[in-house]
Amino acid sequence: MKKIIVIGCPGSGKSTFSRELHKITDIPLFHLDMLYWNADKTTVDKEVFRKRLCEILKKDEWIIDGNYGSTMELRLSECDTVIFLDYPTDICLDGIRERRGKPRSDMPWFETDGEDAEFIEFIKNYNSQSRPKVIELLDKYSYKSIFVFKNRREADKFLKKASK
């Protein structure tokens with residue numbers, strides 16, 4: 001495990017899992033949201049985002065946290081390990097609610113606004129719209145080391161085992 005991607009629905013805990021894995025392995029951690037978003041909630045140009053990502057992919061070791069379907073296959077082709085937090089929608093919605101108003105190292109701003117209806121709708125539709133594409137890509141890259149966790153208990157068990 002030297003090049004790891006952590007993927008899953010927003011609110012599944014990708015960043016939290018990635019931070020814990022980073023603490024255990026000391027592998028450098030990169031959050032895609034930090035590469036894509038500016039502090040004023042605007043986004044960088046797609047070419048800038050892709051260039052930043054490609055610079056990370058050249059490194060010998062990394063943990064990359066985030067989905068971003070436009071670059072998922074690029075990351076899958078370069079990684080050796082995939083962690084897919086494949087949680088039920090309710091768990092992810094709870095995760096979004098729990099993090100609101102808390103400082104986060106994976107975002108360039110402090111989220112204090114109310115619920116973003118479009119974002120919540122994306123989460124509600126993730127399992128029917130985004131997840132099938134993820135599963136298709138995981139099938140294509142099935143020769144990689146792939147871990148699919150259905151709940152936080154399974155993910156925590158993996159982290160505990162990795163820390164030994």
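Colleague: Two strands pair if DSSP finds at least two bridges between them. In what sense do strand 1 and strand 4 pair?

Modeller: This is a predicted model, in which local features need pLDDT of at least 70, side-chain atom pairs count only at pLDDT 80 or more, and totals for chains, interfaces and linings use all residues. Residues are numbered from 1 along each chain as its sequence is written, and side-chain values use heavy atoms, leaving out hydrogens and water. Helices (H or I, at least four residues) and strands (E, at least two) are DSSP runs numbered from the N terminus. Strand 1 (residues 3–8) and strand 4 are joined over five bridges, and the sense of their pairing is parallel.

Colleague: Which residue of strand 5 is the bridge partner of Phe-84?

Modeller: Strand 4 also runs parallel to strand 5 (residues 145–149), with five bridges between them. Across that pairing, the partner of Phe-84 is Val-148.

Colleague: Which residues have the most contacts inside the largest nonpolar core?

Modeller: A nonpolar core is a set of buried Ala, Val, Leu, Ile, Met, Phe, Trp, Tyr and Cys residues joined through side-chain atoms within 4.5 Å. The largest has 43 residues, and those with the most contacts inside it are Phe-17 and Leu-76.

Colleague: Which class does the ring pair Phe-17 and Phe-149 fall into?

Modeller: Rings of Phe, Tyr and Trp (its six-membered ring) pair if their centres lie within 6.5 Å, with planes under 30 degrees apart counted as stacked, over 60 as edge-to-face and the rest as tilted. By this rule there are eleven aromatic pairs. For Phe-17 and Phe-149, the ring centres are 6.2 Å apart and the planes stand at 40°, so the pair is tilted.

Colleague: At which residue does helix 6 bend?

Modeller: The bend at a residue is the angle between axes fitted to the seven residues ending there and the seven starting there. In helix 6, Ile-120, Ile-123 and Tyr-126 are buried. The helix bends by about 30°, and the residue is Ile-123.

How values were computed:
Buried < 20%, exposed > 50% of the residue type's maximum accessible area, 1.4 Å probe, protein only.
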